[in-house]
Amino acid sequence: MPRSPSPPGLTTLVLLTATSVLALNMFLPSLVSIAEEFQADYAVVSLSVAGYLAVTAVVNLIAGPVSDRLGRRPVVLAVLVLFALASLGCALAGNVWVFLGFRLLMAGVASGAVVAMAIVRDTRTRQEAAAMIGYISMAMAVAPMLGPMLGGVLDTAFGWRANFWLYAGLGVGLLALCWVDLGETQAERSEAPAPLRRNLATIAKLPVFWAYAICTAASTGAFFVFLAGAPLVAVATFGLDSDILGMIIGSITAGFMLGSFLSGRIAPKVHLTTLMLVGRTVACLGLSAGLVLLISGVLSPLTFFGSTIFVGLGNGLTMPSSNAGAMSVAPGLTGSAAGLNASVNVATGAALTSLTGVILTQSHGPYQLLGLMLATSFVGLLAALMARHLDKTA
């Protein structure tokens, strides 16, 4: 198979990871339009989101080990072909069930982000990988902010199917870019590789992997808790309009971008767990300050949501290093580790989102939301401490 003689450039890796985010959220403003055209219940159409996330968790478990066996390049090219064809199927769907079937197939593109992380680790040391992941994270953080805006414009101007025509075009364009730019980076493939489940089992038996993976999942989990609870608190407690809420959600993403940028600058110079501990401490201190202000009777949008920005900043500092650490626990199984790490991340986020919806009440929402975010962030801090201990004793 023709291939580039060198590893892919940063732009290619950013586009691979950003496309997986756009595939999840760009079409969200069109859910109502899709339900109306197909005369389907909104709950059925919403399976295009919940089902997508569920398939993503499974795909990540498979794609990582497969990339260890077959190489990064063929996996990326295959999922991009599938993504383009599935997007075309959604654009041409004549009923809701055909739409949902092709929509679930689109979830294969999520593995592009997993393989991109594995490629970074293939070509760099742990500290260098953390720095590169920081820059990639900073760039791709723009996708969840701009994706729904673009999707809403397309839906208004051309109808909901325009989103999926664009998805198909993105898939074809990215396929062409990866064909030219994405060289094979997996140099340790075995002639007689172990079964995929054995690779995953090997990773799952390593306590140091779980320390890194739990730190990542808890960091992301605090953000998912915020996303699930912020609308209720913003409306019920502070009476904020939806446009202000959008700015608030954007602020925590801006904090993540800043933290990711700092990771890119600092990570090559310090141990991975040092940056993880700094990030978890920043998140916990910011949320603790917010809770103290609430208990003291200082309740305002500025003080409440100001404290949540530290979650974004702390995540940006933590996650490039924790992801790099998780992928470094077993030589030759970088893809397997990246896939399992990503699946744990998605599953934890889904569970915490559901838990937030059950726990939060209108009367005590601010206290409950900050408390749950702090508890989740503190779990990440404990995991970072455990990773540091295990790294020193290894």
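Reader: Where is the place of glutamine 39?
Author: Glutamine 39 sits in the loop between H2 and helix H3 (42-45). Helices here are DSSP runs of H or I with at least four residues, strands are runs of E with at least two, and both are numbered from the N terminus. The model is predicted: local features need pLDDT of at least 70, side-chain atom pairs count only at pLDDT 80 or more, and totals for chains, interfaces and linings use all residues. Residues are numbered from 1 along each chain as its sequence is written, and side-chain values use heavy atoms, with hydrogens and water left out.

Reader: Why is glutamine 39 called exposed?
Author: Its relative accessible area is 78%. Exposed means over 50%, buried means under 20%, and partly exposed is in between (1.4 Å probe, protein chains only). At 78%, glutamine 39 is therefore exposed.

Reader: What is the phi of glutamine 39?
Author: It is positive, about 50°, although glutamine 39 is not a glycine. Most residues other than glycine have a negative phi.

Reader: How do you know that arginine 161 and glutamate 37 meet in a salt bridge?
Author: Their side chains are 2.6 Å apart, N to O. A salt bridge needs a side-chain nitrogen of Lys or Arg within 4 Å of a carboxyl oxygen of Asp or Glu, so this pair qualifies. The pair links distant parts of the chain: arginine 161 is in helix H10 (residues 161-181), glutamate 37 in helix H2 (residues 31-38), 124 residues apart. Side chains of opposite charge can pair when their charged atoms come close.

Reader: What makes arginine 161 and glutamate 37 partly exposed?
Author: Arginine 161 has a relative accessible area of 22%. Glutamate 37 has 43%.

Reader: How many salt bridges does a search of the whole structure find?
Author: It finds 3. Arginine 72 forms one with aspartate 68, the closest N and O atoms being 2.9 Å apart. Arginine 72 also forms one with aspartate 122, at 2.7 Å. Arginine 72 lies in helix H5 and aspartate 122 in helix H7 (residues 110-123), so that pair ties together parts 50 residues apart in sequence.

Reader: Are arginine 72, aspartate 68 and aspartate 122 buried or partly exposed?
Author: Arginine 72 is at 0% relative accessibility, so it counts as buried. Aspartate 68 is at 5%, also buried. Aspartate 122 is at 23%, so it counts as partly exposed.

Reader: What makes a nonpolar patch on the surface?
Author: Patches are made of residues with over 30% relative accessible area and no salt bridge; like charges are joined within 9 Å, nonpolar side chains (Val, Leu, Ile, Met, Phe, Trp, Tyr) within 5 Å. Here Val81, Leu85, Leu88, Leu92 and Trp165 form one, with about 470 Å² of accessible area together. Accessible areas come from the Shrake-Rupley method with a 1.4 Å probe; for residues, only the protein chains shown count as cover. Helix H5 (residues 72-92) gives the most to the patch, with 4 residues. Leucine 92, found in H5, counts as exposed at 55%.

Reader: How do you know that the reach of H10 is close to the one expected?
Author: The expected span is 1.5 Å times one less than the number of residues. H10 has 21 residues, and 30 Å is expected. From first C-alpha to last, H10 reaches 30 Å.

Reader: Which residues touch the most other members of the largest nonpolar core?
Author: Phe99, Phe164 and Phe305 do, in a core of 106 residues. Helix H12 (residues 207-237) gives the most to this core, with 13 residues. A nonpolar core is a set of buried Ala, Val, Leu, Ile, Met, Phe, Trp, Tyr and Cys residues joined through side-chain atoms within 4.5 Å.

Reader: Why is asparagine 60 called buried?
Author: Asparagine 60 is at 2% relative accessibility, so it counts as buried. Its place is in helix H4 (residues 47-70). Not counting residues up to four places away in sequence, asparagine 60 touches residues including Pro65, Ala110 and Val346. Contact means heavy atoms within 4.5 Å.

Reader: Why is alanine 129 called buried?
Author: Alanine 129, in helix H8 (residues 126-140), is at 0% relative accessibility and therefore counts as buried. The C-alpha atoms of alanine 129 and asparagine 323 are separated by 9.0 Å, with the two residues 194 apart along the chain.
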